[in-house]
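Reader: I have a new chain on screen. Walk me through its ring pairs, then one of its helices.

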Amino acid sequence: KFLKPYYRQIVFASIALVVTAGVTLSMGQGMRLVIDQGLSDGSSDVLVQSIGLFAFLVVLLTAGTFARFYFVSWVGERVSADLRHAVFSHLLDLHPGFFEENQPTEIQSRITTDTTLLQTVIGSSISIALRNVLMFVGGLILLFVTNAKLSLLVVACVPFVVAPVILFGRRVRQLSRSSQDTLADV
């Protein structure tokens with residue numbers, strides 16, 4: 001409901017996201033071209049073309065990153081403002097008994113903390129998560145295309161890296177919840 005009015009900006013951000021993920025994944029191939037064809041062959045023409053292609057990829061990555069960051073941040077700010085407006089409008093319509101049962105400090109804390117958290121999630125976290133998913137899938141494909149045995153070894157090591165992240169993530173979530181409750185008490 002809150003994202004629908006900003007459909008066009010979300011499409012622009014998504015296009016920029018796909019472009020930057022693709023360019024980031026192709027940077028390795030660009031470096032491979034510079035080293036394999038430019039430096040190994042000793043051909044200055046191929047080296048100049050390879051470096052030119054690599055420079056073009058860097059410019060494209062910069063422009064795409066700017067566009068993605070701009071549109072995602074803009075949508076996050078607008079959705080956050082719309083959420084705050086909707087919450088305050090809803091609070092004005094509530095029965096006075098609601099405010100006797102709930103502490104005004106907790107209501108204020110929830111409004112400021114939760115909408116700020118949603119702004120962060122919408123404004124950057126979702127974009128970063130989607131980019132990382134695209135990079136993960138693209139990286140796996142490139143790994144298997146390059147060397148399947150090495151790829152299987154890397155995939156076998158993933159559980160040893162992910163397990164501590166999950167364990168620490170749960171602890172951080174508990175601490176975050178405790179911190180928010182303490183802030184409401186203050």
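Author: This is a predicted model. It holds four aromatic pairs.

Reader: What kind of pair do Tyr-6 and Trp-74 form?
Author: Their ring centres lie 5.6 Å apart. The angle between the planes is 85°. Planes over 60 degrees apart count as edge-to-face, so Tyr-6 and Trp-74 are edge-to-face.

Reader: How many residues apart are Tyr-6 and Trp-74?
Author: Tyr-6 sits in the segment before helix H1 (7–39). Trp-74 belongs to helix H2 (residues 44–93). The pair links distant parts of the chain, 68 residues apart.

Reader: Is Tyr-6 buried or exposed?
Author: Its relative accessibility is 10%. Buried means under 20%, so Tyr-6 counts as buried.

Reader: And which class does Trp-74 fall into?
Author: Trp-74 has 31% relative accessibility. That lies between the 20% and 50% cut-offs, so Trp-74 counts as partly exposed.

Reader: Why is the pair of Tyr-70 and Phe-71 edge-to-face?
Author: The ring centres are 5.3 Å apart. Edge-to-face needs planes over 60 degrees apart. For Tyr-70 and Phe-71 the angle is 75°.

Reader: Now helix H5. How far apart are its end C-alpha atoms?
Author: H5 covers residues 148–185, which makes 38 residues. At 1.5 Å a residue, H5 should span 56 Å. The end-to-end distance agrees: 55 Å.

Reader: Where does H5 bend?
Author: The bend is about 30°. A proline, Pro-159, follows within four residues. The bend is at Cys-157.

Reader: Which helix do the buried residues of H5 pack against?
Author: Those buried residues are Ser-151, Gln-180 and Ala-184. They pack against helix H4 (104–146).

Note on methods: Residues numbered from 1 in each chain as written. Predicted model: local features only at pLDDT ≥ 70, side-chain atom pairs only at ≥ 80, totals over all residues. Heavy atoms only, no water. Phe/Tyr/Trp six-rings, centres within 6.5 Å; stacked < 30°, edge-to-face > 60°. Helix = DSSP H or I, 4+ residues; strand = E, 2+ residues; numbered from the N terminus. Buried < 20%, exposed > 50% of the residue type's maximum accessible area, 1.4 Å probe, protein only. Expected span 1.5 Å × (residues − 1). Bend = angle between axes of the 7 residues up to and from the residue. Contact = heavy atoms within 4.5 Å.
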